[in-house]
Structure formats: structure tokens, C-alpha cells
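Hi,

Here is the model I said I'd pass along. Have a look at it first, and then read on for my notes.

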Amino acid sequence: MTQWSGYFGLILQGALVTIELTLMGSVLALVMAFLAGLGRLSRFFAIRALATAYIEFFRGTSIFVQLFWAYFVLPFIGISLTPLQAGVLALGLNVGAYAAEVVRGAIQSIGREQYEACTALNLGRWQAMRHIILPQALLVMLPTFGNNAIELLKATAVVSLISLADLTFQAQVVRSQTGNTLVPFTTILIIYFGLALIISWGVRSLERRMARGLDGVRV
């Protein structure tokens, strides 16, 4: 029993790494989502083209290849990343590309009358976007953002391939030392599920709070 408590301690250490990856990757993904999503709606062709190229490239290539490229290829051009940095970079850019389309679609889903009301109130383009359009669009984005965060959480398992001691890596260590597959992988299955439930609960709570405050935003 004492031996297994030590192994469970290893898995909990891996859980902390997975949580760290998920949080930092989600922040990067959110930043890239808004930059690329708003870029797709820009009036300038160069910005639209750059945003589209980013979205299509990272959606059209494997997260596995992107991770290996970030960790093993970037050092050849003088950019050396730790396994954690490479994992955050690959996960954030990959999920951010998917979330960018969520941003674009949510903004375009806002009724035309809201834009016309902003014009009638003599609001500038960015004033209207910041104070009227984005608050309403955020409520549309949130459910899918929650799904994206859960997908990012699950995708963190690939970082075990570059020897980052996340949940999956630690489960493999326990399996190799004990010869037992059932216990470590059932344990991390439950932990992944629990973390996904926490994300879902957090997003739903935020969605309810935003919905209550939205009436004062519509014009």
C-alpha cells in the first residue's frame, strides 16, 4: 500500500503539470483566437490573409508534428524551448486556430440592428466593437470556448512524447515500474474527467453571470 501511495504521488505531480499546461495553453489560445478572429474581419487584406494563413495552417497540420517542430526543429534556428514552453506553444497555437473561427462566427452572428444602433449613436468602429458587439458575442463564444479548453486539456497527453512529466507520462512510468496497466490508467482517466467537469462547471457559471449582465449592453 505504501508503495502505491508513492506511485499515486507521482501521478498527482503529473496532474499539476497537466493543469499548468492547460491554464497557460488556454491563455495563449485565447489571445491568438481574438487576434486571428478579429483579423479575419479586418478591412485590410494583408491582415485578413495573415489571420487566414495562421488558422488554416494550424488547423490543417497535426498537433503531434507541431509539438515536435516546436521542441526539436526550432533549436536549429536558434530558438530553444523547454518541454513545458514547447507544449504551451504548440497547444496554444493549435487550439487558438480553432477558437479564432468561434470568435469570427460569434461576432458575425450579432444582429444587424445592433450595428445600425451603434452607427445611430455615433460610435466608432472599435467603440462599438468593445462596448456593444463583443460583450454580446462573448456570450455566444463561451460554450464553444469551454469545449476548446477541454480539447486542449485532453491534447496535453501528447507532451509525454517529449518527456514532459504530465499525467500520461507519469502513468507510463508507474506502468513500467509495476507492470500494472489498469490502476495507473484508470486513475488518470478519472483525473482527466474530473478536470473536464471543472472546466465545464466554470464556463457554465461564467455564462450565467454574463447573461444576467447583458441586458444593459444591448442597444
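**What I found**

Read from one end of the sequence to the other, the chain follows the pattern α-α-α-α-α-α-α-α. That comes to 8 helices and 0 strands. Keep in mind that this is a predicted model. Of the 219 residues in the chain, 40% count as buried. As for contacts in the chain with a separation of 6 or more, 77% of them are between residues 24 or more positions apart.

**The cores**

The largest nonpolar core has 17 residues, and the members that touch the most others are I11, L153, L167, I188, I191, Y192 and I199. Which helices each supply at least two residues of this core? They are α1 (2-39), α6 (125-155), α7 (167-178) and α8 (182-213). The largest share is from α8, with 7 residues.

Leaving aside residues up to four places away in sequence, I11 touches L167, Q170, V174, P184, T187, I188 and I191. Apart from this core there is another one, of 16 residues, including L74, V88, V95 and L152.

**Helix pairs with α4**

I went through two pairs here, and α4 is a partner in both.

Take α3 with α4 to begin with. The axes of α3 (residues 63-73) and α4 (residues 83-109) come within 9 Å and cross at roughly 140°. That angle makes α3 oblique to α4, and the crossing is right-handed. On the α3 side the contact is made by I63, Q66, L67, A70 and Y71, and on the α4 side by P83, A86, G87, L89, A90, L91 and N94. Sorted by class, this contact has 9 nonpolar, 3 polar and no charged residues.

Then there is α2 (residues 45-60), whose axis comes within 8 Å of the α4 axis, with a crossing of roughly 120°. That makes α2 oblique to α4 as well. Is this crossing left-handed or right-handed? α2 passes α4 in a left-handed crossing.

The α2 residues involved are Y54, I55, F58 and R59, and they meet G92, L93, N94, G96, A97, Y98, A100 and E101 of α4. By class, that contact has 7 nonpolar, 3 polar and 2 charged residues. N94 is listed in the α4 contact with α3 and also in the one with α2.

**The loop between α6 and α7**

One is V158, which is placed between α6 and α7. Its C-alpha atom and that of F64 are separated by 6.7 Å, with the two residues 94 apart along the chain. Not counting residues up to four places away in sequence, V158 touches I63 and L67. Those two residues, I63 and L67, also belong to the α3 side of the contact with α4.

S163 has a positive phi of about 65°, although it is not a glycine. Is S163 buried or exposed? S163 counts as exposed, because its relative accessibility is 53% and the cut-off for exposed is over 50%.

That's it from my side. Send over any questions once you've had a look.

Cheers

How values were computed
Residues numbered from 1 in each chain as written. Predicted model: local features only at pLDDT ≥ 70, side-chain atom pairs only at ≥ 80, totals over all residues. Heavy atoms only, no water. Axes fitted to C-alpha atoms, helices over the stretch in contact; angles between N-to-C directions. Helix = DSSP H or I, 4+ residues; strand = E, 2+ residues; numbered from the N terminus. Parallel < 35°, antiparallel > 145°, perpendicular 65-115°, else oblique. Left-handed = near helix turned anticlockwise from the far one by under 90°. Contact = heavy atoms within 4.5 Å. Nonpolar A, V, L, I, M, F, W, Y, C, P; charged D, E, K, R; others polar. Core = buried A, V, L, I, M, F, W, Y, C linked by side-chain atoms within 4.5 Å. Buried < 20%, exposed > 50% of the residue type's maximum accessible area, 1.4 Å probe, protein only.
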